[in-house]
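Please walk me through this structure, starting with its sheet and ending with its cores.

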Amino acid sequence: MFFKRLKPYFDVWALVKKRYQHPLRDMSVLFTILIFYTLLSVGLPYVLKEIVNIATNSSTQVSIENLLNWQNLYFLAIAYALGWLLMHIFNQIQNIVSAFFTTQIETGLVYKGLENYFKLSFTEQKKIETGVLNTDIWRGAHAFSQITYTVLFILIPIFLQIIFMVWVLSQSINLNFALYFMLFALITFLINIFITLKSNDIFTDLYDAHNGINQFFIEKVQSNYDIRVNGALDYEMEIFGKNVQKYGKEVIKNHRKLNFYMFIQILFVGIFLLVFMLFTVYLFGKNQVTTGDFVLISTYIVALTMPLLLVSQSIIRLKGDFIAVKKFSEYFQIDQAQTKHESIEQRIVFYQFKNAQFYLGKNCIFNFNFTIEQGKCYVAMGQTGIGKTSFINYLIGLEHISQGQLFYKNIDISQQFSETIFQEIAVVSQLPIIYSGTLRQNLIHNSRFTYTDLELEQWLGQFNLLNLLRKNNLTLDDDLQNVYKSFSGGEKQRISMIRVLLKQPKFLIMDEPTAALDEQTSMQLMALIRAKVETIFMISHAQYTKNFADEIIDFDQLILEQKQTND
């Protein structure tokens with residue numbers, strides 16, 4: 001059962017090693033630094049003890065002669081100062097290395113999280129909320145690094161610190177006292193763990209509440225236009241206010257529970273501090289320990305209280321971290337899209353449906369036979385929501401036909417798409433996208449070809465976009481981050497068109513490519529695209545696109561014929 005709970009952690013660790021080249025090496029370096037730091041933190045109180053004992057001795061040496069003698073206060077003072085300096089130098093080095101270590105883990109896992117999302121099947125991707133995914137990936141990555149750091153570089157060093165302290169106490173006082181010290185410290189530590197394990201799970205509710213309010217927030221931001229034009233601002237803010245209030249109550253309730261468990265653990269640490277301080281005073285009163293021993297023991301007890309409190313808090317939060325890591329790992333259990341890499345043979349037929357069965361929206365199409373031939377322009381038309389975009393999804397492998405066969409040239413893509421096909425095709429989607437980065441990066445995005453500034457400017461001129469540069473005082477290498485939101489829908493569509501044309505595709509798929517453009521501009525650009533790309537499949541409601549079509553596919557008529565055949 002215990003190892004089953006750890007399985008998500010080890011699954012994620014396997015992902016870390018795929019992205020982070022030398023995690024074990026860096027862990028070893030960090031652990032070595034921590035060992036030296038721990039040794040110094042235990043050794044310095046012993047040096048202080050020797051200073052106190054020697055200072056209270058009437059025969060104390062305070063001359064600079066015989067400086068390297070352990071009984072010389074000058075030597076001990078220098079040793080203490082140098083030890084303190086080294087300890088804090090190691091501490092700073094530890095902070096630098098640990099920051100590098102945790103950052104490498106977190107960025108690597110975020111990378112793998114996004115990569116995994118892209119590999120999921122299209123059906124599974126549609127089930128995932130963007131805000132929830134973003135939160136779960138970042139939180140899971142951070143939680144994994146915190147678990148690793150807490151266990152390896154907080155819990156284990158504290159165990160080592162206790163062992164080193166026990167050894168010093170056994171040499172300075174006696175073995176029995178040292179063993180009692182260790183036993184009481186370990187009991188306190190184990191009680192803290194027991195309380196944590198017995199506590200109710202409060203982190204799942206916290207995470208679910210945060211995911212819910214985060215997704216609601218993103219939804220409202222994305223719906224800004226619709227909310228404004230419908231005068232729904234007050235209505236939406238009232239709903240959001242209720243959700244925020246509900247979220248706040250959930251957070252407060254769970255944090256009360258969290259602080260209650262932390263209070264109990266702090267209480268046990270305080271009891272440990274009180275008992276051993278009183279015990280040390282008792283031994284000192286009985287002359288069983290020296291003044292230096294009293295300083296040593298007191299320093300060790302006080303030195304352990306902060307780590308034990310840190311452990312208490314870390315252990316409670318570890319439970320939440322394990323929940324976050326489990327949520328993170330669950331994304332990697334979702335079905336991924338299965339693709340292949342087959343060589344393409346050059347043929348005059350790009351796509352061929354053979355007795356295919358598939359769905360267009362809610363309508364099932366049977367025994368569909370259709371070919372898309374080289375050199376032709378196909379225009380698909382039909383009512384909104386009838387399933388025209390679904391047809392494109394079959395062509396690009398996002399969805400698969402139920403029965404029959406679908407070929408791209410020589411490759412059977414009925415149930416498994418081939419990545420090599422993207423070397424020949426390009427897609428203009430219904431919603432134009434402007435990516436983060438410069439205008440140049442947006443234009444040559446994922447293109448295998450290189451273009452000069454003059455060539456890119458010529459393309460912008462052909463699509464009437466040079467005024468976009470002048471209006472926004474832009475160059476090709478200026479970041480669009482602060483200006484792209486002011487671009488009109490038509491400008492975004494034209495940038496998307498240039499982007500796909502710069503890939504020099506053999507076959508172009510377009511989904512409502514001119515929806516945001518006026519008819520005259522659309523006619524000009526369609527003529528330009530038709531001259532650049534030999535074979536095109538396009539979905540459009542615009543009647544003028546029929547002028548460019550060699551063949552028209554009427555989905556309304558297709559579905560009607562299917563229904564008549566079935567009747």
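**From the sheet to the cores**

This model has an open sheet of 5 strands, in the order E8-E9-E10-E4-E11, with parallel pairing. Strands (E, at least two residues) and helices (H or I, at least four) are DSSP runs, numbered from the N terminus. Two strands pair if DSSP finds at least two bridges between them. Strand E8 (425-428) and strand E11 (551-554) are the edges, each pairing on one side only. From one strand to the next, the twist averages 15°.

The model is predicted: local features need pLDDT of at least 70, side-chain atom pairs count only at pLDDT 80 or more, and totals for chains, interfaces and linings use all residues. Residues are numbered from 1 along each chain as its sequence is written, and side-chain values use heavy atoms, leaving out hydrogens and water.

E8 and strand E9 (residues 507-511) run parallel, joined by 4 bridges. Val427 has Ile509 in E9 as its bridge partner.

Next, the cores. A nonpolar core is a set of buried Ala, Val, Leu, Ile, Met, Phe, Trp, Tyr and Cys residues joined through side-chain atoms within 4.5 Å. Buried means under 20% relative accessible area (1.4 Å probe, protein chains only). The largest nonpolar core has 59 residues, and Leu109, Phe144, Leu169, Phe181 and Tyr300 touch the most other members. Helix H5 (130-172) is among the helices that each supply at least two residues. H5 gives the most, with 17 residues. Domain 1 (1-173 + 320-336) and domain 2 (174-288) both contribute, so this core lies between them. Those domain bounds come from an automatic or database assignment. A second, separate core of 38 residues includes Met381 and Leu439.

Methods:
Buried < 20%, exposed > 50% of the residue type's maximum accessible area, 1.4 Å probe, protein only. Axes fitted to C-alpha atoms, helices over the stretch in contact; angles between N-to-C directions.
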